[in-house]
Amino acid sequence: MTHAPWRPMARLTARRALYAVPVLLVVTFGVFAVAAASPFDPVKAYAGTAALGADQETLDRLRDNLGVDRPFTARWWDWLTSALGGDLGQSAVMRQPVAEVIGERLLWSTLLCAVAFAAAVLLGTVLGVLAARRPGSLVDRAVTSAAYVLEAAPVFWIALLAVWLFALQLDVLPAGGLTDTGSDRVTFGGLIEHLVLPAGVLAVSQLPWFTLYVRQGVGDALAEDPVRGARARGLSERTVLLGHALRSGLLPVLTLIGSRVPELITGALLVETVFSWPGIASATVEAATAVDFPLLAALTTLATAAVLAGNLLADLLYGLIDPRVKLEEM
Amino acid sequence: MTTDADTADVRPAWRAHGTSRRSTHVLRLRACAALVTVTVLAVLLVPPLVQLDQQAVDLAAKLEPPSWAHPFGTDDVGRDLLLRCVYGLRVSLLVGVVAALTATVIGTAVGAAAGALGGWADRLVMRLVDTLSSVPHLLLGIFIVAMFRPGVWPVVISVALTHWLSTARIVRAEVLSLRSRPFIDAAVSGGASRWRVTVRHLLPGVLPQAGLAAVLMVPHAMWHESALSFLGLGLPTHTASLGTLIQGARGSLLAGQWWPTLFPGLFLIVPTLAVAGLAGAWRERINPRRRSELML
């Protein structure tokens with residue numbers, strides 16, 4: 001490589017950022033349109049149980065204040081313009097501004113997802129290589145079958161069984177939350193202890209896909225001419241496997257990582273709920289249960305943006321790792 | 001060319017038992033077919049034939065571990081879990097099939113229209129599909145269900161509305177490849193209208209692919225329903241579905257009883273694997289070069 005591909009990468013990023021604008025516009029518009037079509041009443045959601053005892057005049061005034069009777073396109077536009085200024089509205093269920101909810105919780109979700117994903121990638125590579133070494137062997141069949149079963153198993157079910165096993169039967173790990181009951185100071189040791197189970201379960205839910213792809217990639221690479229050549233030159237099996245097959249077999253898989261963000265978000269939604277992890281995914285579920293529209297709208301938009309960023313990351317990695325790929329063409 | 005079929009031929013060294021591969025293959029296929037048949041039969045026949053009340057409460061026998069009288073044990077109010085699981089599978093399967101069919105009809109219509117019309121209509125539709133795919137499916141489902149109050153129909157609609165995208169992509173791609181074949185040119189030069197070409201010549205060609213996608217979508221839709229129900233955003237808790245069963249078992253799980261959680265999950269895993277196995281075999285048959293791929 002003669003020069004660093006910074007310029008095409010920057011250009012691709014800029015192009016994708018431009019592409020993200022209409023996507024986010026359409027998604028937020030859709031969110032407001034669905035809300036407008038639904039029987040959901042923002043006044044009642046805002047007032048909560050107080051709406052039951054309030055007289056009609058108060059409700060009407062509230063309705064007027066919230067601007068519910070205006071067309072949803074106008075409300076969408078207002079939301080959009082104030083969102084650009086950082087004001088995402090007020091969350092009824094959390095009793096704080098939406099932006100604050102996201103700010104407080106984003107870190108925990110990112111931590112959980114990053115740890116889980118790193119664990120899945122590492123373990124998946126090891127298992128995939130082990131399986132690919134001898135196709136059809138006992139190890140291969142065990143790994144492949146386990147991967148298929150895990151892929152079919154719902155992640156919340158795995159999470160519950162993990163709680164039962166590790167927190168109740170073995171009593172080695174806490175069942176959920178971020179801190180021990182009775183204290184709310186987050187210590188490093190306590191954080192690690194509380195992170196192991198949710199991150200482990202999330203990793204296990206991402207593992208099968210990764211393992212099977214590594215197995216396929218490395219298995220294919222093992223059958224290619226460079227590997228045959230390396231074997232013929234008398235290189236050790238270790239060098240052949242790790243230096244040749246793994247390197248070329250892992251490349252296409254690594255680039256797919258970015259495109260797994262939707263599955264990661266789906267897994268986080270369920271895992272965070274089971275383990276009462278104070279991240280944005282569990283906030284989404286709480287917001288949905290309480291029909292907290294401002295929070296739900298903001299989090300849906302945020303998730304969409306995360307998916308788009310993941311796709312961009314996948315393409316950037318692809319261009320960076322595989323010199324044959326021209327980023328200009330993407 | 002580095003397909004798996006080649007890989008198999010290159011390395012006979014540690015594949016001495018090459019002849020037994022074919023028979024395990026057939027065995028696996030038959031096992032999958034048997035499992036799917038048993039599932040469907042159980043779901044269709046058990047409720048009308050076995051005159052047992054799944055809601056029968058027996059507080060004296062609550063939370064009994066698996067035994068001969070109750071093979072899966074009983075739940076926290078003494079209902080038989082095997083019966084509850086079968087009823088739950090029935091509801092989940094029904095939701096899954098209806099949602100998958102709806103999604104396939106929408107996806108096929110949109111994909112075929114995009115592929116057959118081409119031009120700016122195609123670009124617009126596919127951009128919309130891309131946009132919708134950027135929202136994680138479960139999140140979109142959660143949003144729809146939250147806005148329309150949990151219930152059977154909101155769940156079906158939310159699953160259908162999130163799952164038609166992949167079918168639309170498959171059908172469009174297939175239509176585009178069929179469009180360049182000579183028999184379409186023949187039909188067009190024979191004076192067939194665009195509608196006739198689409199309905200009589202293009203759609204029959206894409207149906208096998210759409211059908212395969214629909215079958216594969218059923219376990220996926222069931223998973224979706226379970227996840228929504230588990231989050232408390234799906235079916236009402238008194239309706240036994242696999243998701244509500246797992247959700248309802250959370251209390252007894254924390255008290256140490258594992259069976260109300262374990263068995264509904266297995267009822268979800270086994271049909272999923274069986275359907276994936278069948279679909280894999282079918283795909284292998286229509287395209288033998290591409291061997292097993294992640295089919296879930």
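**Helix packing and chain contact in a predicted model**

Helix α6 (residues 98–133) of chain A packs against helix α9 (residues 188–222) of chain A at an angle of about 35 degrees, and their axes lie 5 Å apart. Axes here are lines fitted to C-alpha atoms, for helices over the stretch in contact, with angles running from 0 to 180 degrees between N-to-C directions. This is a predicted model, in which local features need pLDDT of at least 70, side-chain atom pairs count only at pLDDT 80 or more, and totals for chains, interfaces and linings use all residues. Residues are numbered from 1 along each chain as its sequence is written, while chains are lettered from A in the order in which they are written.

**The helix pair in chain A**

- By class, the contact of α6(A) with α9(A) has 22 nonpolar, six polar and one charged residues, where Ala, Val, Leu, Ile, Met, Phe, Trp, Tyr, Cys and Pro count as nonpolar, Asp, Glu, Lys and Arg as charged, and the others, Gly among them, as polar.

**Where the chains touch**

- The contact between the chains takes 47 residues from chain A and 40 residues from chain B, two residues being in contact if their C-beta atoms, placed from the backbone, lie within 7 Å.
- On the side of chain A that touches chain B, the elements giving two or more residues include α1 (6–37), α9 and α14 (293–321) of chain A.
- That side of chain A divides into 33 nonpolar, 10 polar and four charged residues.

**Chain B**

- Chain B has 11 helices and zero strands, helices (H or I, at least four residues) and strands (E, at least two) being DSSP runs numbered from the N terminus.
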